[in-house]
Amino acid sequence: MNTVKINSENTKMVAHRGVSGIEKENTCPAFVAAGNRSYFGIETDIHITKDKKFVVIHDSSTKRVSFEKYDINVEDVEYSDLKDIVLPDRDGSYIRQDIRIPLLAEYVKICKKYDKICVLELKGNFETEDCERLIKEINELEYLGNVIFISFSEENCINMRALLPEAEIQFLKSGEIKEEELVSFLLENSLDLDIDHRSLTKDFVDRLHSHGIKVNCWTCDNKERAEELVLMGVDFITSNILE
């Protein structure tokens, strides 16, 4: 199995949770698979454990990714309770020992090794001190300038913007779109947009671009739709399988 190639022209492709159409989502194998391909960036999600470690997982619980073998709320436990869990592969097998819940540093190091942009989603509520620790950890890895921060939380985006005036930060959006309110919020906080691709039209993309707002969209796995988005002029497409 391989990725599906599209004519992306000037649109940058982002691997959603790594190449999660092939490898287990948000694991080192998924990130390496993206690193070995032509992706511009590798997207992932982080939560904060009880002992303040940044761990890579989309859901707050391990239930879905472990196929219900473990039901642990990652924010309620220490990292030591998570680090030895071997997750099932996409086919349900447990043959591989490299399918685990990574730390933030493992993800960043893989992105750095393969010269990929980190597209890093902050899940849950990040207090200012959490944002400061996050920045410090990535900066110590000498890769802070190669990170795009994204979040559904307005507060997370605002906190990160206050700490990193020059960083690329994208506000994640789904559901009903009130264009006036959304554009105003983005402009007031110097944010770009990462939006459900189904919410985009050419007119909306043009309007955002007229204000200097970059447009990322998720999660498009359909080749024909992706090529429509390219023609609309979106800046990024986030996909599980398209390259």
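## Basis of the description

The model is predicted, so local features need pLDDT of at least 70 and side-chain atom pairs count only at pLDDT 80 or more, whereas totals for chains, interfaces and linings use all residues. Residues are numbered from 1 along each chain as its sequence is written, and side-chain values use heavy atoms, with hydrogens and water left out.

Helices (H or I, at least four residues) and strands (E, at least two) are DSSP runs, numbered from the N terminus. Two strands pair if DSSP finds at least two bridges between them. Strand S6 (residues 168–173) pairs with S7 in the parallel sense over four bridges, and Lys 173 stands opposite Ile 195 in S7. Strand S7 (residues 192–196) is in turn joined to S8 by four bridges, and these two strands run parallel. Across this pairing, Leu 193 faces Val 215 in S8, and Asp 196 stands opposite Trp 218 in S8. Two bridges join S8 to strand S9 (residues 236–239), also in parallel; here Cys 217 is opposite Ile 237 in S9.

Burial is assigned from relative accessible area (buried under 20%, exposed over 50%, partly exposed in between; 1.4 Å probe, protein chains only). Five of the five residues of S7 are buried, so S7 is largely enclosed by the rest of the structure. In S8, Val 215 and Cys 217 point one way, Asn 216 and Trp 218 point the other way, and all are buried.

## Crossover connections

A crossover is right-handed if, with the strands pointing away from the viewer, the path from the first strand over the helix to the second runs clockwise. S6, helix H5 (residues 179–188) and S7 form a right-handed β-α-β unit. From S7 the chain passes through helix H6 (residues 202–210) to S8, and this β-α-β crossover is right-handed. S8, helix H7 (residues 223–232) and S9 likewise make a right-handed β-α-β unit.

## Aromatic pairs and charges over rings

Rings of Phe, Tyr and Trp (its six-membered ring) pair if their centres lie within 6.5 Å; planes under 30 degrees apart count as stacked, over 60 as edge-to-face and the rest as tilted. A search of the whole structure finds five aromatic pairs. In one of them, the ring centres of Phe 54 and Phe 126 are 6.1 Å apart and the planes lie at 10 degrees, so the pair is stacked. This pair links distant parts of the chain, 72 residues apart: Phe 54 belongs to strand S3 (residues 54–56), and Phe 126 to the loop between strand S4 (117–122) and helix H3 (128–140). Both Phe 54 and Phe 126 are buried.

In another pair, the rings of Phe 152 and Trp 218 have their centres 6.0 Å apart and their planes at 80 degrees, so the arrangement is edge-to-face. Phe 152 lies in the loop between strand S5 (147–151) and helix H4 (154–163), and Trp 218 in strand S8 (residues 215–218), 66 residues apart. Phe 152 is partly exposed at 39% relative accessibility, whereas Trp 218 is buried at 19%.

A charge sits over a ring if NZ of Lys or CZ of Arg is within 6 Å of the ring centre and within 35 degrees of the ring normal. The charged end of Lys 12 sits over the ring of Phe 40, 5.4 Å from its centre. That of Lys 69 sits over the ring of Tyr 94, 4.6 Å from its centre.

## Cysteines

A search of the whole structure finds zero disulfides (a disulfide being a pair of cysteine sulfur atoms within 2.5 Å). The closest cysteine sulfur to that of Cys 28 is in Cys 111, 10 Å away, too far for a bond. Cys 157 is in no disulfide, its nearest cysteine sulfur being that of Cys 131 at 9.6 Å. At 1% relative accessibility, Cys 157 is buried.

Ser 61 is found in the loop between S3 and H2 and is buried at 16% relative accessibility. The side chain of Ser 61 reaches the backbone nitrogen of Lys 63 at 3.0 Å and makes a polar contact of 2.8 Å with the side chain of Asp 71.

Ser 93 lies in the loop between S3 and helix H2 (104–113) and is partly exposed at 22% relative accessibility. A polar contact of 2.7 Å joins the side chains of Ser 93 and Asp 91.

Notes:
A polar contact is a pair of N or O atoms within 3.5 Å; within protein, one must be able to donate a hydrogen and the other to accept it, and residues adjacent in sequence count only if both atoms are side-chain atoms.
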